[in-house]
Every structure is written in C-alpha cells, then in structure tokens.
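Me: Hey, can you walk me through this one? I'd like to start with the pockets.

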Amino acid sequence: MKKWLSILLAAILMMTVGFALTEDEPIDQPAPNPDLFSGTWACDRAVISINWEEEGYRILIQWGSSAWECTEWEYSCYFHEEENKLVSMPFGTRTEMVYGEDGDLVSATVVYDDGEATFYLDEEGFLIWADEKENAGEGMRFELLPEIEEEDFSEG
C-alpha cells in the first residue's frame with residue numbers, strides 16, 4: 001500500500017511540476033496581418049515607437065518638454081483582434097529623463113510602474129493613445145512617419 005501511495009504522490013508531483021513549467025513559458029502571439037501599428041508615429045513634440053516582438057508589441061513614447069528634459073512611457077501590449085487595438089499589460093512605466101548639456105543622461109526618475117493604455121487607429125488612420133493612468137494622450141492624434149531608407153556611404 002505504501003508503495004502505491006508513493007507512486008501516486010510522485011505522479012501528482014510530476015504533473016504539478018509540468019503545469020508550473022508551462023505557465024511560465026511565454027506564449028508567442030502572431031502579429032496582425034497586415035501589421036498597421038508598427039513604426040514611428042508623431043504628434044507635436046511626442047513620438048511613439050511601436051515595434052513587434054515575438055510575444056507582442058513594445059511601445060515607447062518620448063515627449064520632450066525642453067532640450068534637456070523628456071518624459072518616457074513604456075508599455076508591453078498584445079493585439080486585441082476583436083477590437084483591432086493594442087492593449088497594454090498593467091505594468092507600464094513613466095520615467096522623467098534629464099540630460100546634461102553634453103547630451104549624457106543625468107537622471108531617470110520612475111514616476112510609476114503600474115500604467116495601462118490602449119492604442120488604436122481612428123477612422124482617418126491616426127494612432128490614438130488612450131492612457132488609462134493620467135489621460136496623457138488626450139486629444140492627440142499621431143501620424144505615421146515614413147520610413148527613412150538608410151544610405152550606403154561606403155566607398156566603392
């Protein structure tokens with residue numbers, strides 16, 4: 001009886017470990033086709049860079065308040081197919097960046113790390129940033145910037 005109980009407990013333990021391993025593994029998410037979000041978007045002094053990664057989108061927003069100061073928001077988002085929007089995970093960060101006259105970073109102060117946002121395209125194709133924490137993107141419509149082709153400056 002003890003032998004069977006030991007075998008049963010070992011089997012349960014192995015199943016538990018197997019489930020724990022699969023929960024921690026990232027789940028790849030396919031990019032929407034066509035990918036209408038990736039690229040660089042601009043509105044006034046704010047720029048949004050959206051890049052597809054294997055598990056979703058990485059979004060970085062940089063908004064300059066002066067030549068030496070800017071605010072950055074960073075989000076990890078997934079594509080919500082039914083609503084055709086990008087939805088962030090609940091750990092978006094907002095960081096205040098200060099640079100010296102030489103262009104080197106002097107300080108980076110994290111204001112919060114629990115931000116949430118959604119990103120979607122309006123009827124005219126502009127990107128809308130719906131910041132759930134502070135409503136920082138209210139009234140802004142971001143336009144997709146054309147890709148700049150890199151020139152080959154090598155000799156030959």
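Me: Which residues lie nearest the centre of the largest pocket?
Reply: E55, G56, Y57, S76 and C77 do, out of eleven residues that line the largest pocket. A pocket here is an open set of points on a 1 Å grid over the protein atoms alone, where a 1.4 Å probe fits and protein lies on both sides within 12 Å along at least five of seven lines; lining residues have an atom within 4 Å of a point. Keep in mind that this is a predicted model, where local features need pLDDT of at least 70 and side-chain atom pairs count only at pLDDT 80 or more, while totals for chains, interfaces and linings use all residues. Residues are numbered from 1 along each chain as its sequence is written, and side-chain values use heavy atoms, with hydrogens and water left out.

Me: How much space lies in the largest pocket?
Reply: About 160 Å³, taking volume as the space filled by probe spheres set on the points.

Me: And which strands supply at least two residues of its lining?
Reply: β3 (56–64) and β4 (69–80) each do that. Strands are DSSP runs of E, at least two residues long, numbered from the N terminus.

Me: Where do R58 and E74 lie, and how do their side chains meet?
Reply: They meet in a salt bridge, 2.7 Å from N to O. R58 is in strand β3 and E74 in strand β4, so the pair ties together parts 16 residues apart in sequence. The rule for a salt bridge is a side-chain nitrogen of Lys or Arg within 4 Å of a carboxyl oxygen of Asp or Glu, and the count comes to seven.

Me: New topic: what does β1 pair with?
Reply: Strand β1 (residues 39–43) runs antiparallel to β2 (residues 46–53), with five bridges joining them. Two bridges also join β1 to β10 (residues 143–144), again antiparallel. Pairing takes at least two bridges found by DSSP.

Me: What does A42 face on each side?
Reply: In β2 the bridge partner of A42 is V47, and in β10 A42 stands opposite E143.

Me: How many residues are between β1 and β2?
Reply: Two, in a hairpin where D44 in the turn has a positive phi of about 55 degrees. The hairpin of β8 and β9 has five residues between the strands, and G125 there takes a positive phi near 90 degrees.

How values were computed: Helices (H or I, at least four residues) and strands (E, at least two) are DSSP runs, numbered from the N terminus.
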